[in-house]
Structure formats: structure tokens, C-alpha cells
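Please read them with the structure open.

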Amino acid sequence: MKNNASLVYTIFLVFGDFLALIAAFTAAFVLRGPLSDIPVANPVPAATYLNIFLVVLPFWILIFALIGLYSSNIYEKRFVEFSRLLMGSFIGLTFVIFIDFFFLEPLFPAKLVPIYGFALGFLLLIIFRNLARFIRTGLFAYKVGLNNVVIVGNTAMTAELVDQLLNSRQSGYRILGVVGTKFALGEHRNDVALYGQFQYALEAITEPVHTIIQTELYADEARNRDILEYAQTHHVAYRFVPGNTELFVGNIDVELFRGSLPVIAVHQTALIGWGSVVKRLFDTFAGLLALIISAPLMLVIAIAVKLSDGGPVFLRQTRLTRYNHEFSVYKFRTMNNSYNGLLPEEAFAKMGKPELAIEYRKNGDFLPNDPRITSLGRFLRSSSLDELPQIFNVLRGDISLVGPRALVPRDLSQYEKRHTILSVKSGITGLAQVSGRKNISFDERRKLDIYYVQNWSFWLDLTILAKTVKAVLAQRGAQ
């Protein structure tokens with residue numbers, strides 16, 4: 001049975017956005033008109049102004065719909081929704097100004113009205129969207145609007161799905177049952193109803209089923225067909241999670257092979273074609289801007305590093321980037337000159353503390369109060385200022401502003417999925433860094449790198465850059 005909760009929420013968003021925009025441009029009219037001491041250039045009657053906007057604003061809402069603001073893939077991701085609202089508001093304002101240009105009579109009483117309207121509109125849209133999300137989540141706690149799901153399969157992915165969906169208030173899903181064995185439930189064996197056969201689950205479940213998620217294909221094709229036919233007959237959403245999840249992520253194209261045979265083409269990364277061109281242009285422009293802004297600061301840091309112990313200013317290390325290419329990464333030297341350029345094992349052995357090397361590796365290449373690091377170096381690392389020289393690597397094309405962390409060949413060679421990570425350029429910052437940096441394990445960082453490679457988008461890059469600024473200012477997770 002189809003769940004109408006998402007449709008109701010979408011309609012709620014449409015009406016709320018419309019009212020927010022009406023309120024914003026009405027307030028803009030009042031602020032620049034009756035409440036302003038400065039005479040307006042075009043005394044437009046309030047009724048005329050409002051009537052025209054009631055006609056024009058549905059097209060603004062249509063713009064919102066075209067850029068996905070009423071899709072669950074957007075409104076369930078707060079930062080993505082925020083960026084799309086900003087983009088949609090700007091496009092909508094441009095459209096309104098375009099209409100005003102072709103109108104015989106002026107639409108705005110003064111030039112500041114559309115500016116006020118844009119600012120107030122964006123603010124009210126953000127407030128409304130957050131209020132709508134709060135109300136929706138609150139209703140989940142009362143089991144209102146939940147998506148009833150049955151999970152079919154006896155794989156590790158089933159246990160992962162159960163773990164993600166079990167908290168209904170956060171996920172918006174209610175698990176009616178799992179078709180499989182106790183193995184499929186993982187640690188939640190006592191939290192979810194378990195059924196041995198799909199038919200048994202249907203006979204026992206009294207709630208309407210909205211979604212079926214199948215995590216494995218049975219050897220008996222009739223069982224698979226029965227599940228799919230039930231979903232189609234009862235208008236239940238059906239999703240299949242492939243056993244090899246890495247195969248069906250990233251950039252996927254469905255095409256006719258030799259003109260008649262449908263095939264699925266899976267690219268190693270979503271960063272292909274025009275995406276790579278746009279990314280390189282952005283790196284060049286943003287890199288030049290960053291260099292101009294940070295040049296005085298880098299000069300001061302370079303002098304301070306040189307005066308600290310007379311050693312070299314920069315650290316040059318061999319790292320890996322796209323297509324297994326080795327390059328020299330530039331960073332401000334943060335270690336005592338006696339240990340500069342040495343492997344951790346070599347440096348700790350030199351200072352007579354080889355046991356620290358074991359602790360360093362055990363902690364995921366991190367050691368609190370690392371004795372190799374100078375006082376100045378500790379500040380540079382905590383503030384991430386030691387990374388500034390990598391701007392030169394970006395401008396040279398060695399790396400990108402955003403990408404998987406550039407690792408030393410020895411470390412990455414031990415990782416079996418390194419070829420996926422090395423299908424794109426490494427980056428100064430990345431998804432792993434903004435997701436915890438030293439607070440997550442090596443394997444978790446590499447999984448995040450793979451996710452970035454396979455799900456790249458320009459919006460994701462902007463999101464990571466924004467979160468990087470927040471993490472650096474908070475000095476969160478810096479090593």
C-alpha cells in the first residue's frame with residue numbers, strides 16, 4: 001500500500017515556501033515604503049504589487065521544484081537543502097527582476113525592495129524548513145508519517161539496515177519484520193520480528209506494508225518473483241540492495257549495448273567528463289584567491305619556522321595521487337629538525353624510545369604530545385596552518401582542494417581498494433577529515449574516501465569546504 005506521508009509533507013513544503021516568500025516581499029514593500037522616510041521612485045499601489053506577486057510566485061515555486069527542493073533526496077539533507085534554497089532564491093529573484101523589466105508599469109516601488117525581499121525570503125525559508133523538519137521528526141515519535149518496511153534477506157547488509165532504520169524518530173521508518181535468520185538481525189535479535197518465509201511475514205503482519213527492501217537474490221527464482229509481484233500488485237515500493245554494493249555506486253549509465261541489449265555501465269568514479277573540467281577550473285580560481293589572501297601569513301610562518309631551529313622551512317614528502325602518480329607534497333615543517341624526514345620508527349629509535357612507534361601506529365598514526373613536534377609545530381598543526389603550502393600543489397595540478405587524503409605509498413599500498421581511491425586526485429581536505437580526522441580509524445577514513453570517489457558532486461565539494469572551515473576554526477580533530 002502506498003504511503004502518502006511524503007506527498008503530504010511535500011505539499012506542506014510547497015504551501016509553506018509560498019507563504020514565506022509572500023511574507024518576505026510584503027515586508028520588503030512595507031520596509032522600503034510606508035516605514036521609510038525616503039520617498040520611493042515608483043509609487044506602486046500595495047494591492048497591485050501583491051496581486052502581481054501572487055501571479056509570479058508560482059513560477060518561483062516551480063523553480064524550486066525543478067532544482068529538487070521538494071525531493072526527499074534534498075530536503076532530508078540539511079546542508080544540501082540550504083545550498084539549494086540559496087540557489088533557488090537567487091534564480092527566483094532573477095526571474096522576478098526579468099518580469100519587472102518587461103512590464104509596462106514598474107513592479108517594485110524602489111530598487112531596494114527586491115534586495116530586501118531576497119534576504120528576508122531566504123531567511124524565512126530557512127526558518128520554515130527547519131520548523132517543518134522539527135514538526136515532521138516530532139510526529140515520527142508518535143508513529144505518524146512513518147514508512148512501514150519489511151526487509152528480506154539473510155546478509156550482513158540486512159543487519160546494517162536494521163541498525164540504521166530501527167530508531168524510527170531518526171530514520172522515519174518502522175521495521176515490521178525481517179525475513180531471514182537470527183544472523184540477519186545482528187545485535188538486534190530481540191528488537192525485530194523475524195520470519196522464515198516471506199509468505200509467513202505477510203500472514204502475520206497486520207500493518208500496511210509501504211516498502212520492501214530485499215538484500216539478496218534467492219537461488220529459487222520463484223521466490224524472488226513472488227516478492228516482486230506482491231510489491232507491484234499491492235503498489236508497495238520495492239528496493240533491492242545488491243550483495244556487491246560497491247558495484248552499484250558512483251556514476252551509473254543504462255545504455256543499449258549494440259543497439260538492443262540493455263546494459264548497466266558502472267564507472268569507477270562519478271568525477272568524469274565535464275565534472276573534472278569544472279573541478280579543475282574551480283581549483284585554479286580558488287587556489288589563486290587563497291594564495292593571494294594567505295601569502296602574507298605564509299611569509300610570517302616561514303620566517304618563524306626558520307628562526308625556531310635553523311632547519312628547512314618546508315617539509316617535502318612523497319605522496320600518492322590519481323593513477324598511482326607520486327608527487328612531492330609541501331607543508332610547513334612542524335617537527336624538530338633532528339627527526340625531519342625520518343619515518344616514525346626511525347625517529348623514535350633515534351631518540352631512544354622505540355616503544356612510542358608501536359603506540360603511534362596503534363593510535364592510527366597519532367601520538368598525544370608527540371616529542372618529535374616543536375612548540376611552533378604543535379600550534380601550526382592544531383590550527384591546520386601547516387597545510388597552507390599545499391596550495392602550490394593545487395595550482396600545479398598535483399592535488400585538488402577536495403579529495404581523498406594524499407597518503408604515503410607505504411601506507412596506501414597495504415589497502416586492497418587503493419585503486420578506487422586513486423582514480424581521482426588527492427585533496428588538501430576531504431570527507432574523512434571533516435568526519436572526524438584523527439577520531440576515526442584508518443579503515444573508516446578509507447571507506448569515506450571511497451564514498452567520495454564514487455559519489456562525487458560539485459555540491460559535495462562545496463559542503464566539505466564549508467565543513468572544513470568550521471572544523472579548522474574549532475580546531476576539531478587536528479593532529
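Which residues in α2 meet which residues in α4?

1. The model is predicted. On the α2 side, the contact is made by Phe53, Val56, Phe59, Trp60, Ile63 and Phe64. They meet Leu85, Gly88, Ser89, Ile91, Gly92, Leu93, Phe95, Val96 and Ile99 of α4. Sorted by class, this contact holds twelve nonpolar residues, three polar ones and no charged ones.

2. As to geometry, α2 spans residues 46-66 and α4 residues 78-102; their axes come within 9 Å and cross at roughly 145 degrees. The crossing of α2 and α4 is right-handed.

3. Helix α20 (residues 458-474) has 17 residues, which at 1.5 Å a residue should span 24 Å. The C-alpha atoms at its ends lie 25 Å apart, so the span agrees with expectation.

4. The buried residues of α20 are Leu460, Asp461, Thr463, Ile464, Thr468 and Ala471. Viewed down the axis of α20, the buried residues fall within an arc of 155 degrees, and therefore line one face of the helix. Lys470 and Leu473 are exposed, on the face of α20 turned away from the buried side.

5. What covers the buried residues of α20? The cover includes the helices α4, α11 (274-309), α18 (431-434) and α19 (442-454), along with the strands β10 (400-402) and β11 (427-429).

6. In helix α6 (residues 156-165), Thr158, Ala159, Leu161, Val162 and Leu165 are buried. These residues cover an arc of only 160 degrees around the axis, so they sit on the same side of α6.

Key
Residues numbered from 1 in each chain as written. Predicted model: local features only at pLDDT ≥ 70, side-chain atom pairs only at ≥ 80, totals over all residues. Heavy atoms only, no water. Axes fitted to C-alpha atoms, helices over the stretch in contact; angles between N-to-C directions. Helix = DSSP H or I, 4+ residues; strand = E, 2+ residues; numbered from the N terminus. Left-handed = near helix turned anticlockwise from the far one by under 90°. Contact = heavy atoms within 4.5 Å. Nonpolar A, V, L, I, M, F, W, Y, C, P; charged D, E, K, R; others polar. Expected span 1.5 Å × (residues − 1). Buried < 20%, exposed > 50% of the residue type's maximum accessible area, 1.4 Å probe, protein only. Arc of directions from axis to C-beta.
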